[in-house]
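Open the structure in your viewer and follow the stops below. Each one says what to select and what is there.

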There are 2 protein chains.
Amino acid sequence: MAGSPSQPDPFARVVHRFATAGKISAAQMMLNWDAQTNMPRNGAWARGEQMAALTEVSAELIGSTAAADELAEAEELAPLLEPDERADLREMRRAFVHAAAVPKDLQAQKSRLEQTLQSIWTTAKPANDFKSFARPFEQMLSLIREVAAAKAQALQTSPYSALMDEFDPGVGEAEVDPVFDELAVFLPPLIQQVREHQATWPRPAPFPGASIEAQAALAHRLALAIGHDPDAFRIDAAPHPFSIPHSPGDVRFTTRYDVDDIQFSIMATLHEAGHAMYEANLPREFAFRPGGMARGMTVHESQSLSVEMVAGRSREFLAFLAPTMAHAFGGDPAPYAIANVLNTWRRLDDGFIRVNADEISYPLHVILRYRLERALLSGDLAVGDLPTAWDDAFEAMFGRRPPDLAHGCLQDIHWAAGMVGYFPNYAMGSMLAAQLFECATADDHAILPSLEQGDFRPYFAWVTPRVHARASLVDFKALVEDATGAPLTPEAYKRHVKRRYLEEPPPE
Amino acid sequence: MAGSPSQPDPFARVVHRFATAGKISAAQMMLNWDAQTNMPRNGAWARGEQMAALTEVSAELIGSTAAADELAEAEELAPLLEPDERADLREMRRAFVHAAAVPKDLQAQKSRLEQTLQSIWTTAKPANDFKSFARPFEQMLSLIREVAAAKAQALQTSPYSALMDEFDPGVGEAEVDPVFDELAVFLPPLIQQVREHQATWPRPAPFPGASIEAQAALAHRLALAIGHDPDAFRIDAAPHPFSIPHSPGDVRFTTRYDVDDIQFSIMATLHEAGHAMYEANLPREFAFRPGGMARGMTVHESQSLSVEMVAGRSREFLAFLAPTMAHAFGGDPAPYAIANVLNTWRRLDDGFIRVNADEISYPLHVILRYRLERALLSGDLAVGDLPTAWDDAFEAMFGRRPPDLAHGCLQDIHWAAGMVGYFPNYAMGSMLAAQLFECATADDHAILPSLEQGDFRPYFAWVTPRVHARASLVDFKALVEDATGAPLTPEAYKRHVKRRYLEEPPPE
């Protein structure tokens, strides 16, 4: 298979090995997409078996001694390679370290449990049933602890940072803690101030409901506006909106349609379409190769939040969105007046759900999860105490208490999917989105006016070469500094939210 | 990966290896299903890369020297195994011989070309464009010739029979030739006789068109009648109806909806639902293992044709189908009178399309393809001459000439999918369907009356233990003889079509 002896060049050989693993991973992503959009419910066991088998062969491909030998041989010749090839080789080494650190039986066991636990979560969440979730989640945590310990040793870092490194290399606890500590102090009084500021606004007129068909047509329209190629993407409905790492020419993301809540699917579509543009613009010549992947989840989230939050809640874009909604849904045009759309979109949220949260509350939702999952991982928090710990922490941050688990600790799929160490990037992504967008609009004054026409081309003309096209061929720090001239800090975000939420004129 | 040294029992070790390959194959089936139902058109290249990667790792798993060593070790201990385990081991050996015979680069190259060529076929067929298809199809044939030569040597048989063996072990040219020679003589005069017989029938009233939604609801209703579990199957639309080897709990098949032709989707649904019942009833304890797969494509086709043709065009089933159609489509009930449905369903076909063909013409369509593809494989027929050779042969058999390629040599996806040696099973399956159904209805007199209620349970109660549950744990010959008390011959089919088409009373 990989590393066929008929392939004489050591670099080409190791590229073939890691690209084969990349293709298997793309196949797994597609199967996971299918599990959430199409699969009959009785298919969960078999899908789990398939995913575990693919994980097993993939781990063998990139984590075996054969992989180590091929890597070492190619690394000896690194000085002869082009810079991008050297970067690709570095990413292969990183993938190897992650794969080799974790015993393959453990990896397969975790992959299998992910399928089961997601299926349990799907039922437990609407049933407000923590009991049936708790026991398998404890098993999952114990597997995750084993993985984290193994990776921590291989990477010489803390167990939690070791988990983060897989999703988000270059963004560990050392990078997150100062940002989150600052936000945890900065945001609550800001929220209070904005709430007072908005108290004088008129009550927004509610949007009427709309058919799934009309919402789906609008979602498609928005994806095209953002820049997706009609022959290369699809949007489907899934319980939890997500996008999958693309295969070239085949970008998929999902949203959720609620006939009584048109806002949700619009926001989810903008968010996932932003992720998907990053994937669609990755360099084709490095497709399936470690150096050709997205740089990490903080960068990824910056791309979704740039579209959904920073651009997507700008006055300019809302001036395009409002009449587009009126056209899509018909009926009384009054709710789609720009002032009402702005009033609705900018309103501070008083709910419980991260994916519905406003631009200021959002990072606090993330900080809550970050703290709880670190405590779960270390064992400081027992699984049985999670619902109460969640509700207490939420109440302390937001002054209101979740009514049930679907609005509390069972709202997200991540833990059911075995993902711990993933949440921080959502808030780090907010910071990066603001920092990138501030630079982009300073560099190109056409970006904001174009959004009024629903035209994202000037924005992507700025961001694609600086972020998307660089894939994983530079590290996180270099990517951020090359694009914005400075390391990542929360300052641009703080300027952005103060300006937007305290200084812009009220809707009228 | 497979064959982990921590697994001490040689049989368990080799089962793990082959079951891993079985799971990868199930993943490939799902990706292929997706390519035909969901994939954006620009996704073809990437999907081809993924399929080739999976084929490569799978071939390595079951065709490597490590596989050979593990197999040999397990085979030494075969006398200690249960009979079903020994059968499973025999099937592993067969899978090994197929996989080891073909160089992996060749396998991967073919897999990649399959994706491209199917995509070209999808465009070429409606465009009546043989030119863009011919060149890559020649490449495909040349790859298939290499595969066939390698397998012929390993299996000590002819190249064409070696290709058949992969799809249909136990059914080679030696089994097919006498049956097809007999049918080629028997069918044309029978068709003539039936045509004269039907000349006195009234013209059937055409069915009105119906929305895709109404047709899809009826397809779902029919799948339930046949016995599918609502939590374990799905029907989708695809250009060429197919069903995929199932994963336990997740059975998928497709049909095609044409608002002007309600008959097509009903027949395709019955056909694919029959295939899918076989897959759904395979023994779960052998899931993903070579011994747990369907016995081969002749048996598979017997299951689809039993439902679609033998049961599906019986007076009894049509007495259920006619009012069910009336209920599904509403409007004027006259076209759904039983006599008119019978008149329509039993009518000899005067078209050009295999999947639309009537029960008597169908085997001739297959014999045509069998002869042409053997000539293509041997090189006796040049690709450039195929359209004319097809049309000439069709005209000689049926007395009419295809108007275009979509009604001629580009009508089927098989060659584009790299499948040569596959077609014969369609006609061999007709023979087996008739032979099984004759025995079933002789054994259990409740089978036919139950079909009047749309109840297939007595039929499946007979066929499941004798066919489905035996999977590949017996060989083809034993399966047929155990189930029907005789080897496979065309006699039951000949009795069946003469009785149905010449002796049953006309519709009234």
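Select A:Arg315: it is partly exposed, at 30% relative accessible area (buried is under 20%, exposed over 50%, partly exposed in between; 1.4 Å probe, protein chains only). This is a predicted model: local features need pLDDT of at least 70, side-chain atom pairs count only at pLDDT 80 or more, and totals for chains, interfaces and linings use all residues. Residues are numbered from 1 along each chain as its sequence is written, chains are lettered from A and ligands numbered from 1 in the order written, and side-chain values use heavy atoms, without hydrogens and water.

A:Arg315 forms a salt bridge with A:Glu504, closest N and O atoms 2.9 Å apart (a side-chain nitrogen of Lys or Arg within 4 Å of a carboxyl oxygen of Asp or Glu). A:Arg315 lies in helix α12 and A:Glu504 in the segment after α20, so the pair ties together parts 189 residues apart in sequence. A:Glu504 is partly exposed, at 23%.

**Next: helix α20**

Select A:Lys494 and A:Glu491. Their side chains meet in a salt bridge, 3.7 Å from N to O. A:Lys494 is buried at 14%; A:Glu491 is partly exposed at 33%.

Show both chains. Contact (heavy atoms within 4.5 Å) takes 47 residues from chain A and 47 residues from chain B. There are 6 salt bridges between chain A and chain B. Zoom in on B:Asp250 and A:Arg47: they form a salt bridge, with the closest N and O atoms 3.6 Å apart.

Key: Helix = DSSP H or I, 4+ residues; strand = E, 2+ residues; numbered from the N terminus.
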